[in-house]
Amino acid sequence: MKLGHRILIRVIELAVGNNFDPIKSSQVFDLISPFIINGADTEELDLMTICKLEVLLGEQLLYIPTAKQWRRIKLERLNEICNEV
């Protein structure tokens, strides 16, 4: 599944669930409607739209690790591979 699809699914889950404010829900759906209704390729979901959605929803949608975090992720993955053997 593409990253854009995953983000859109998460946005819809957050906008519909947890007794979310209807006004904010309509704003969220206004932002994502071009990517859903027109059948636009979800790879066109740009960073500005993702940032606006994060502000409206109050939750981080896109996580970009730092260099230190990348090293830790790689080491954890290497440890998993070594433990499988």
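Me: What is pLDDT, and which helices have the lowest and the highest mean pLDDT?

Reply: pLDDT is the predictor's confidence in each residue, from 0 to 100. This is a predicted model, and the mean pLDDT of its chain is 83. Residues that reach 70 or more make up 88% of the chain. Among the elements, helix H2 (residues 22-36) has the lowest mean, 84, and helix H4 (residues 67-84) has the highest, 92.

Me: Why does that matter when I look at the model?

Reply: Where pLDDT is low, the predicted coordinates should not be read in detail.

Me: How many helices and strands does the chain have?

Reply: There are four helices and zero strands. Along the sequence this gives the pattern α-α-α-α.

Me: What share of the residues is buried?

Reply: A residue is called buried when its relative accessible area is under 20%. In this chain of 85 residues, 22% are buried. The accessible surface of the chain is about 6,500 Å², and carbon and sulfur atoms supply 58% of that area.

Me: Which residues should I look at in the largest nonpolar core?

Reply: Begin with the members that touch the most other members: Ile-7, Val-11, Val-28, Leu-45, Leu-53, Leu-57 and Leu-61. The core has 14 residues. Helices H1 (3-16), H2 and H3 (47-57) each supply at least two of its residues, and H1 gives the most, with five.

Me: Beyond its neighbours within four places in sequence, what is Ile-7 in contact with?

Reply: With those neighbours set aside, Ile-7 is in contact with Leu-45, Ile-50, Leu-61 and Leu-62. For the chain, take the contacts between residues at least 6 apart in sequence: 53% of these join residues at least 24 apart.

Me: Is Thr-49 buried or exposed?

Reply: Thr-49, in helix H3, is buried because its relative accessible area is 10%, and the cut-off for buried is under 20%. Apart from neighbours within four places in sequence, Thr-49 is in contact with Leu-31 and Phe-35. Ser-25 belongs to helix H2 and counts as buried at 10% relative accessibility. With neighbours within four places in sequence left aside, Ser-25 is in contact with Ala-15 and Phe-20.

Me: Which residues form the nonpolar patch on the surface?

Reply: The patch consists of Ile-12, Val-16, Phe-29 and Ile-36. Together these residues have about 320 Å² of accessible area. H1 and H2 each supply at least two residues of the patch. Ile-36, for example, is in helix H2 and counts as partly exposed because its relative accessibility is 41%.

Me: How many salt bridges are there, and where should I look?

Reply: Side chains of opposite charge can pair when their charged atoms come close. The whole structure has four salt bridges. In one of them, the side chains of Arg-10 and Glu-13 meet at 3.7 Å, N to O. Arg-10 and Glu-13 are three residues apart in helix H1, so about one helical turn separates them. Arg-10 is partly exposed at 35%, and Glu-13 is partly exposed at 47%.

Definitions and conventions: Residues numbered from 1 in each chain as written. Predicted model: local features only at pLDDT ≥ 70, side-chain atom pairs only at ≥ 80, totals over all residues. Heavy atoms only, no water. Core = buried A, V, L, I, M, F, W, Y, C linked by side-chain atoms within 4.5 Å. Buried < 20%, exposed > 50% of the residue type's maximum accessible area, 1.4 Å probe, protein only. Contact = heavy atoms within 4.5 Å. Patch = residues over 30% accessible without salt bridge, like charges linked within 9 Å, V, L, I, M, F, W, Y side chains within 5 Å. Areas by Shrake-Rupley, 256 points an atom, 1.4 Å probe, with all protein chains shown as cover.
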